Structure formats: C-alpha cells, structure tokens
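The sequence and the three-dimensional structure are shown first.

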Amino acid sequence: DAETRAMMQKITFSHGGPEFDAKYPDGIPTQIDITLKGGETLSSGMVMYPSGHARNTSADLDNILLHKNKMLGDVVFADEATRDAFVNRLVNMETASPEEVAKLYDFDWSAMKDHACIDG
C-alpha cells in the first residue's frame, strides 16, 4: 500500500565495514539506526545474533513464528478458525506422524480468500 511504500523510501542500507566483516560467518553482525524527525539517532549497536539466528538466545522464536504464520494465514484463509487449524499443524509438526506431515496442505483450496498479489 502507499503508506508502506512511503516508509520504504525512508530506509537506507549501508555496509557495516571491516568490523562487521570480521565477525561473519560466526554471526550475522547487524545494526539498526533510526533517525527521528528532530535529528536524534537511536541505535541498536552491533547485534551479532539477530532474531532467527541459531545462536540467538534472547528472541522468543516460537512466538515470532506463530505471529508470522498467523499474519500470512490471514492473507489467504477466509476465517480465523481455519487459519488457526492450519497454523496449529505447523506448530505441532515436530511431533506429527509421517501421515500427518503428508497431509499438511490438505485443505479446501476453493475456500481461500481472493486477494491481490501481495508483492506488487
């Protein structure tokens, strides 16, 4: 949407330099700096193991993935109950039987929401 595109125009990316390069591939050295309208800059400082990295010990990855899967499910599933049933299959995949994994994507495709392409 237009609001998201306008926000994207305010984002710039820059290479972290030799200090960041030296720490890869042990981690994925990352930093985010946000400059406020008044000129003040907020910085995360270097983050070696961002959320999603195998060595990150502070992120609540289970809830991050649950939230992400629900958001993606909202794009295509007609109702919350159908979305939640599918997301629960994903969440419980670790303990699913081979038969349950084979049926992971068995659902009524005709009941999916009609929507515009989400990437433009």
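## Helix α3 and L65

Helix α3 is the element that holds L65; helices (H or I, at least four residues) and strands (E, at least two) are DSSP runs, numbered from the N terminus. With a relative accessibility of 41%, L65 counts as partly exposed, where buried means under 20% relative accessible area, exposed over 50%, and partly exposed in between (1.4 Å probe, protein chains only). From C-alpha to C-alpha, L65 lies 25 Å from D33 in space, and the two are 32 residues apart in sequence.

## Basis of the values

The model is predicted: local features need pLDDT of at least 70 and side-chain atom pairs count only at pLDDT 80 or more, whereas totals for chains, interfaces and linings use all residues. Residues are numbered from 1 along each chain as its sequence is written, and side-chain values use heavy atoms, with hydrogens and water left out.

## Packing of α3 and α4

Two packed helices are described by the angle between their axes and the distance between the axes. Helix α3 (residues 61-76) packs with helix α4 (residues 80-91) at an angle of about 140 degrees, and their axes are 10 Å apart. Axes here are lines fitted to C-alpha atoms, for helices over the stretch in contact, and angles run from 0 to 180 degrees between N-to-C directions.

On the α3 side, L66, N69, K70, G73 and D74 meet R83, D84, V87, L90 and V91 of α4, contact meaning heavy atoms within 4.5 Å. The residues of this contact divide into four nonpolar, two polar and four charged. In this scheme Ala, Val, Leu, Ile, Met, Phe, Trp, Tyr, Cys and Pro count as nonpolar, Asp, Glu, Lys and Arg as charged, and the others, Gly among them, as polar.

Apart from neighbours within four places in sequence, V87 is in contact with L66, N69 and K70. The C-alpha atoms of V87 and L66 are 7.5 Å apart, with a separation of 21 residues in sequence.

## Two loop residues

The loop between β2 (41-43) and α3 contains H53. H53 counts as buried because its relative accessibility is 17%. Neighbours within four places in sequence aside, D26, G27 and I28 are in contact with H53.

P25 is placed in the loop between α2 and β1 and is exposed, with a relative accessible area of 64%. Most peptide bonds are trans. The bond from Y24 to P25 is cis, with omega near 15 degrees. P25 and H67 are 28 Å apart in space, C-alpha to C-alpha, and 42 residues apart in sequence.
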